[in-house]
Amino acid sequence: MKKNQIACSPAKSETPSSKRSRPTDSPETTSPTGKSFTDILDSIDKRLSSFDARLSLVEIMHREFKSLRESLEFSQQQVETLAAENASLRDSVKSLNENMTHLSEENKKIKETVIDLQARSMRDNLVFSGIPESAEEDAETTIKTFVKTYLKLPEDTVENICLERVHRLGAKKPGAPRPRPIVAKFGYFKQKEQVKSRGKELKGTDFSVNDQFPKEILERRKVLFPIRRNLIQKGSRAVIAVDRLYVDGRLYRDLSTTPWLY
């Protein structure tokens with residue numbers, strides 16, 4: 001029975017579509033996009049080459065960046081070192097300035113001490129100005145004659161005046177408009193003060209009698225004289241003692257006018 005059924009079943013027939021051959025893999029096979037795989041591979045190879053080149057460039061830039069960073073770190077270290085050295089130098093300069101200030105103050109004190117000693121050594125001296133010079137003069141005789149004639153001291157008083165040294169100041173200059181002053185050192189301070197007190201007798205003449213002072217003190221006194229005159233005009237009692245001005249018995253301290261006063 002089965003045999004008959006098999007014999008009766010129709011045989012499968014081949015159709016034209018079943019006869020179509022399958023595609024085979026070949027170099028000319030195209031991709032769904034229409035490009036051949038060879039072109040795709042070439043494109044991939046080119047892209048890989050470009051990527052390698054870029055990667056090499058990145059590596060070069062990385063090395064340069066690393067070198068730059070090391071250079072910056074070195075520069076930073078140098079800056080820190082220089083900053084430390086600068087701080088040290090600044091401290092040294094500050095110390096030097098402090099030392100210079102201290103030395104300047106000490107020098108000022110020493111200078112003032114020297115000026116004071118000079119003033120003390122001139123304490124017994126008087127300077128006579130305006131007395132005519134003669135070729136063969138004896139300075140001591142000239143002074144005693146002047147004191148007797150113009151200061152009007154008694155002759156016996158003048159004869160008892162003790163003068164240790166008498167001389168003209170500076171070298172003689174031919175054609176000088178005024179005669180050189182005469183410095184007289186008195187043996188006794190009281191005699192010097194007695195002669196000085198007679199200076200009022202010279203008012204209205206070309207003569208003058210003054211204490212002798214160092215140059216620095218004379219410059220200070222020049223500053224004080226107009227101040228004293230102004231204070232006297234205002235009714236104050238102003239007196240100059242060496243290089244200090246006393247007003248109504250008190251030391252004048254107008255630092256804006258005489259900054260060297262202390």
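1. Let's start with K144, which is found in helix α3, residues 139-150. Helices here are DSSP runs of H or I with at least four residues, strands are runs of E with at least two, and both are numbered from the N terminus. K144 is buried, with a relative accessible area of 16%; buried means under 20% relative accessible area, exposed means over 50%, and partly exposed is in between, with a 1.4 Å probe and protein chains only. Leaving out residues up to four places away in sequence, K144 touches V158, E159, I161 and L163, where contact means heavy atoms within 4.5 Å.

2. A word on what you're looking at: this is a predicted model, in which local features need pLDDT of at least 70 and side-chain atom pairs count only at pLDDT 80 or more, while totals for chains, interfaces and linings use all residues. Residues are numbered from 1 along each chain as its sequence is written, and side-chain values use heavy atoms, with hydrogens and water left out.

3. Now the overall layout. The protein chain has six helices and seven strands, and from the N terminus on the elements run α-α-β-α-α-β-β-α-β-α-β-β-β. Of the 262 residues in the protein chain, 22% are buried. Among contacts with a separation of 6 or more, 55% are between residues 24 or more positions apart.

4. Four strands make an open sheet in the order β2-β3-β1-β4, with antiparallel pairing; two strands pair if DSSP finds at least two bridges between them. β2 (163-168) and β4 are the edge strands, each pairing on one side only. From one strand to the next, the twist averages 20 degrees. α5 packs on this sheet, where α5 touches β1 (125-129), β3 and β4, and the direction of α5 makes about 30 degrees with that of β1. For those angles, axes are lines fitted to C-alpha atoms, for helices over the stretch in contact, and angles run from 0 to 180 degrees between N-to-C directions.

5. Zooming in on one pair: β2 and β3 (residues 182-186) run antiparallel and are joined by five bridges.

6. E133 sits in the loop between β1 and α3 and counts as partly exposed, at 27% relative accessibility. What does E133 touch, not counting residues up to four places away in sequence? The list is R168, K172, P179 and R180. E133 and R180 are 47 residues apart in sequence, yet 7.5 Å apart in space, C-alpha to C-alpha.

7. On to the largest pocket, which holds about 740 Å³ of space. Of its 30 lining residues, D211, F213, R221, A241 and V242 are the closest to its centre. On a 1 Å grid over the protein atoms alone, a pocket is an open set of points with protein on both sides within 12 Å along at least five of seven lines, whereas a cavity is a set of points where a 1.4 Å probe fits but cannot get out; lining residues have an atom within 4 Å of a point. Grid points are joined across faces, edges and corners, and a volume is the space filled by probe spheres set on the points.

8. Who builds that lining? At least two residues each come from α2 (37-121), α5 (189-196), β4 (208-211), α6 (215-233), β5 (238-241) and β6 (244-247). The lining of the largest pocket splits into 15 nonpolar, two polar and 13 charged residues. Here Ala, Val, Leu, Ile, Met, Phe, Trp, Tyr, Cys and Pro count as nonpolar, Asp, Glu, Lys and Arg as charged, and the others, Gly among them, as polar.

9. The second largest pocket has a volume of about 200 Å³. Its lining is N210, D211, Q212, F213, L218, R221, K222 and F225, which divides into three nonpolar, two polar and three charged. Which element gives the most to this lining? That is α6, with four residues.

10. Finally, two backbone spots to look at. Most residues other than glycine have a negative phi. V242, in the loop between β5 and β6, has a positive phi near 60 degrees and is partly exposed at 37% relative accessibility. D248, in the loop between β6 and β7 (250-251), also has a positive phi, near 55 degrees, and is partly exposed with a relative accessible area of 47%.
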